[in-house]
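Q: I have a structure open and would like to go through it step by step. Could you help me read it?

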Amino acid sequence: MPLSPDPYNLIISGIGGQGNILLSRLVGRLMFRAGYQVSIGETFGAAQRGGGVFSGVRISSKRLYGPVVPQGAGSMIISLEPLEALRMISGYGNPGVKALVNSEGIHPVAVLSQKASYPSDEAMSAAIHKATDKAWLFNATKIALELDAPIAVNIVMLGGLVATGALPLDADEVADEVKASVPPHLAELNLTAYRRGMQAVAGA
Amino acid sequence: MAAIDKYEPGTSHFLLGNEAIARGALERGVNFVTGYPGTPSSEIVPALAQCTQKGKLHAEWSTNELAAVEGAAAAATAGLLSLSAMKNAGLSLALDFITHLSYTGLGPKGGACLMVVCDDPHGHSSGDETDSRWLARFATAPMVEPMTGQQAVELVKYAFDLSQKHSAFVFYRGYTRLSHASNPITMGELPTGAPKASSDSSVSLNPYLSIDKHQDLLAKMEAIRAEFEQCPFNSYQGPEKPELVVVASGAGHLAAAEALETLGLEERVGLLSLATIWPLPTAWVVEHLKNAPQVLVLEEVDLFMEAAVKEALVDNGLGSVAVYGKGSGHIPMSGEMTPDRALSALARIFDMKAPARDEAYERLVQQEVAPLVISRGLSWCAGCPHRASFWALDKAIKADARDAYVTGEIGCSTLDVFPEGKAQIKLLHSMGSGTGTAAGLGQLKPFGYTQPVVAVCGDSSFFHSSVPRLINAVYNQADMLQIILDNSATAMTGFQPHPGTGNTAENTPAPRLDVAKVCESIGCQVTIADPFEVRATTKVMRELMGKPGVQVLILRRACELVRMKAAKSHPYRITIDQEKCKGAECAVCSRDFRCPALYLDPATGKTAFKEQICSGCGICVEICPFKAISKQEND
Ligand SMILES: Cc1ncc(C[n+]2csc(CCOP(=O)(O)OP(=O)(O)O)c2C)c(N)n1
Ligand code: SF4
Ligand code: SF4
């Protein structure tokens with residue numbers, strides 16, 4: 001199946017510890033298995049200490065691309081946090097970019113120490129919609145907390161990605177991959193998180 | 001993630017570049033693996049430690065990189081295939097041994113040794129972006145560097161062959177965009193069996209009578225250069241009569257290919273890609289450049305390859321060929337090689353317009369998106385013992401009022417100098433240097449120096465390289481307070497074990513060295529405190545700051561992420577009494593202590609906390625001056 005655009009540059013962003021690396025590898029593995037060339041670039045040195053982290057997943061039916069996404073060349077931005085979505089849009093956005101965003105904000109420490117202020121939900125949502133071709137915003141953290149599994153936000157987002165139809169991903173194959181990549185006793189929980197994410201975006 | 005030895009030959013799997021290096025080593029039959037953690041190299045040793053087998057493969061976290069390379073080199077002299085992995089800073093530490101090892105080689109037993117060094121162009125997770133390629137030239141040793149994940153696997157085998165054939169260790173360079181990139185990798189066969197190790201006592205491997213040995217070494221390098229002329233991983237793609245040849249290595253290769261595609265220059269420009277970094281296969285390079293009117297060199301950080309190419313051209317009477325790159329200003333002198341950089345250099349040379357973002361969109365982003373994007377600085381995790389330690393240190397220094405001077409080093413404690421830290425550390429360089437510099441300052445009394453001197457180090461750093469410096473301080477009778485943040489892990493780089501943790505890279509038990517006993521045995525006065533008892537800790541710090549001699553204060557409390565991994569639950573539940581909380585008037589817990597779980601709620605004007613972030617450590621109970629925060633034990 002041809003990709004549009006090709007290479008398809010998926011940016012996955014969030015805060016250290018939210019599990020965006022697992023998410024990018026899941027998507028990478030799935031697209032590789034579907035026959036595409038895939039490169040993932042990550043920088044995760046101090047990833048756990050509250051900083052922003054992101055991976056670029058470059059998918060192509062033509063050839064292997066390097067792991068660094070050129071500026072302004074994002075095809076889709078998946079962000080586990082809305083401020084990070086805006087950061088990615090300012091670097092990688094373009095008139096055709098799409099965005100799938102968890103609307104639950106996490107305040108930087110500079111906000112806690114009252115040196116900066118965090119933008120309002122409304123302002124962030126308006127800017128995300130304005131600067132993208134299409135955007136899906138929903139509270140994935142709330143879904144994960146309802147399931148008593150705050151660390152499953154990334155899997156909720158994966159469900160959301162499948163529902164956007166942006167990539168040729170088969171819902172059942174993705175479910176199998178989710179099951180295979182978590183410990184057996186957490187499989188059901190993650191599958192529920194995945195389905196809830198799918199429903200949230202399909203219904204949005 | 002399956003252990004990398006579980007993948008069947010012929011199948012393809014998604015591997016991190018560092019795992020690809022490890023798989024290549026397994027496929028070539030590596031026996032003895034050493035290393036010390038450091039981003040971006042840290043995944044190589046654990047990937048191999050998952051596959052160890054008695055008498056076939058050993059993998060260890062060494063105490064530091066010097067011990068790591070010495071162990072690996074020795075195993076190679078006993079006939080084994082060995083590999084040592086570290087970041088660029090680690091290689092700097094190991095250089096003294098390495099420059100001697102070049103002279104002696106690996107002896108007659110047929111062993112081989114790869115020194116894998118991973119650089120961090122752009123310093124994504126490092127204090128510097130030092131380019132270790134110069135060290136190959138400096139140490140007169142061969143260096144190779146892969147361009148893709150799959151090539152990383154094959155190049156490891158090539159490098160082992162080279163090492164074995166020439167009885168020379170080989171540098172294998174990784175870099176962030178290789179080590180931390182994931183690609184599908186096709187698996188090769190895994191060998192069975194292992195060589196038997198023994199030392200040949202009929203020869204002495206030593207660097208003395210060095211003039212002869214230096215000459216032999218230079219001859220060996222020429223033999224290696226001749227081999228590099230034929231290296232199957234060096235390639236030329238492009239027209240027979242190119243208008244320009246791009247010389248690329250490492251990340252430059254894929255960046256160049258993408259830029260040429262974007263600009264539609266593939267029919268006009270050649271791409272000469274090198275996996276052999278040093279020595280340069282001069283004849284092969286000159287052969288491909290002699291008919292090119294101009295050359296562009298694409299590489300990361302320094303102009304290492306560019307300098308070598310220019311030398312080769314001049315030495316071969318081709319000095320008039322125009323060489324673009326860092327020297328000409330087409331590529332910046334620092335930072336990563338990206339497709340954008342390759343694109344702008346090529347567009348400039350060919351007088352083309354580099355594709356840019358739509359103008360109206362650019363305006364929209366600048367006006368409506370960028371102003372909302374505030375920075376997100378790094379900070380200690382919620383529940384981190386270091387936050388409490390530095391909070392106490394700040395209070396102690398203020399109370400002491402003699403302008404105490406704090407030296408520090410690399411580790412999670414380094415977050416102190418980031419915008420959201422407590423800004424206590426004033427002198428910070430390499431591992432172990434906090435102690436070394438404090439020992440220097442602690443001897444300046446005769447020069448009128450009156451400030452108390454305090455050094456801070458982590459427990460992994462303590463074993464890595466603080467110990468000899470502490471001995472120096474005791475021997476030379478410095479006055480200083482050494483604070484050791486004993487958090488039971490090499491936390492910054494991913495919680496690897498070290499000599500004080502009681503386990504090894506293979507996750508087997510090991511003798512546990514006691515930091516306190518080590519310090520006592522070298523003559524330091526030792527005090528132990530719990531950083532979570534912040535007020536008591538502050539008091540102890542004040543007392544020790546005034547005392548003569550080398551005082552050691554061990555602040556013992558496990559890294560929160562290590563504790564959480566084992567315990568899987570939070571010790572306390574927190575409640576904040578909204579009546580007692582003074583809100584913005586006080587805000588000590590959020591504005592001053594800065595636990596990321598606590599914030600002033602604009603709706604109530606009082607402090608609230610985020611349950612998803614709170615680790616239930618309970619320190620804030622002691623921090624709040626109005627007793628507004630209380631804790632209940634979690635069941
Ligand atoms: C020579 C050298 N090797 C490796 C590193 C990478 N590195 C940075 S900090 C650190 C150790 C951190 O452990 P520790 O001292 O225990 O402090 P913690 O992070 O646990 O607080 C390492 C290995 C380095 N900076 N320099
Ligand atoms: S990883 Fe551990 S030592 Fe480092 S900031 Fe987090 S809690 Fe502190
Ligand atoms: S809110 Fe209090 S208990 Fe929770 S992590 Fe922060 S300091 Fe610890």
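Q: Let us start with a detail in chain B. Which residue is the bridge partner of B:Met143 in strand 7 of chain B?
A: The partner of B:Met143 in that strand is B:Phe171. Please keep in mind that this is a predicted model.

Q: How many bridges join strand 6 and strand 7 of chain B, and do they run parallel or antiparallel?
A: Strand 6 (residues 143-144) and strand 7 (residues 170-175) of chain B are joined by 2 bridges, and they run parallel.

Q: What is the order of the strands in the open sheet of chain B?
A: The order is 3-2-4-5-7-6-12, which makes an open sheet of 7 strands with mixed pairing.

Q: And which strands stand at the edges?
A: Strand 3 (58-59) and strand 12 (276-278) of chain B do. Each has a single partner strand, so one side of each is left without a neighbour in the sheet.

Q: Is the peptide bond from B:Trp278 to B:Pro279 cis or trans?
A: That bond is cis, with omega near -5°. B:Pro279 belongs to the loop between strand 12 and helix 10 (282-289) of chain B.

Q: Now the two chains together. How many residues does each give to the contact?
A: Chain A gives 66 residues and chain B gives 58 residues. The area buried between the two chains is about 5200 Å², and carbon and sulfur atoms give 61% of that area.

Q: Which three residues supply more of the area that chain A buries than any other three?
A: They are A:Arg49, A:Val109 and A:Leu112, which supply 14% of the area that chain A buries against chain B.

Q: What about charges: how many salt bridges are there between chain A and chain B?
A: The count is 6 salt bridges. One of the pairs is A:Arg58 with B:Glu258, where the closest N and O atoms are 2.7 Å apart.

Q: Which helix gives the most to the side of chain A that touches chain B?
A: Helix 2 of chain A gives the most, with 8 residues. By class, that side of chain A has 31 nonpolar, 22 polar and 13 charged residues.

Q: Which strand of chain B pairs with strand 2 of chain A?
A: Strand 8 (residues 181-186) of chain B does, in the antiparallel sense and over 2 bridges. In one of the bridges, A:Gly41 has B:Ala181 as its partner.

Q: Changing topic, where does ligand 2 lie?
A: Ligand 2 lies between chains A and B. The residues that surround ligand 2 include A:Arg49, B:Trp380, B:His386 and B:Glu560. The shell has 8 nonpolar, 2 polar and 2 charged residues.

Q: And which residues come nearest to ligand 1?
A: Of the 23 residues around ligand 1, the nearest are B:Glu65, B:His386, B:Asp459, B:Ser460 and B:Ser461. A polar side-chain atom of B:Glu65 is 2.5 Å from a nitrogen atom of ligand 1.

Q: What lies 2.9 Å from an oxygen atom of ligand 1?
A: A backbone N or O atom of B:Ala491 lies at that distance. A polar backbone atom of B:Met492 is also 2.9 Å from an oxygen atom of ligand 1.

Definitions and conventions:
Residues are numbered from 1 along each chain as its sequence is written. Chains are lettered from A and ligands numbered from 1 in the order in which they are written. This is a predicted model: local features need pLDDT of at least 70, side-chain atom pairs count only at pLDDT 80 or more; totals for chains, interfaces and linings use all residues. Side-chain values use heavy atoms; hydrogens and water are left out. Contact means heavy atoms within 4.5 Å. Buried area is the accessible area (1.4 Å probe) that two parts lose on being put together, summed over both. A salt bridge is a side-chain nitrogen of Lys or Arg within 4 Å of a carboxyl oxygen of Asp or Glu. Helices (H or I, at least four residues) and strands (E, at least two) are DSSP runs, numbered from the N terminus. Ala, Val, Leu, Ile, Met, Phe, Trp, Tyr, Cys and Pro count as nonpolar, Asp, Glu, Lys and Arg as charged, and the others, Gly among them, as polar. Two strands pair if DSSP finds at least two bridges between them. A residue is near a molecule or strand if one of its heavy atoms lies within 4 Å of it. A polar contact is a pair of N or O atoms within 3.5 Å; within protein, one must be able to donate a hydrogen and the other to accept it, and residues adjacent in sequence count only if both atoms are side-chain atoms.
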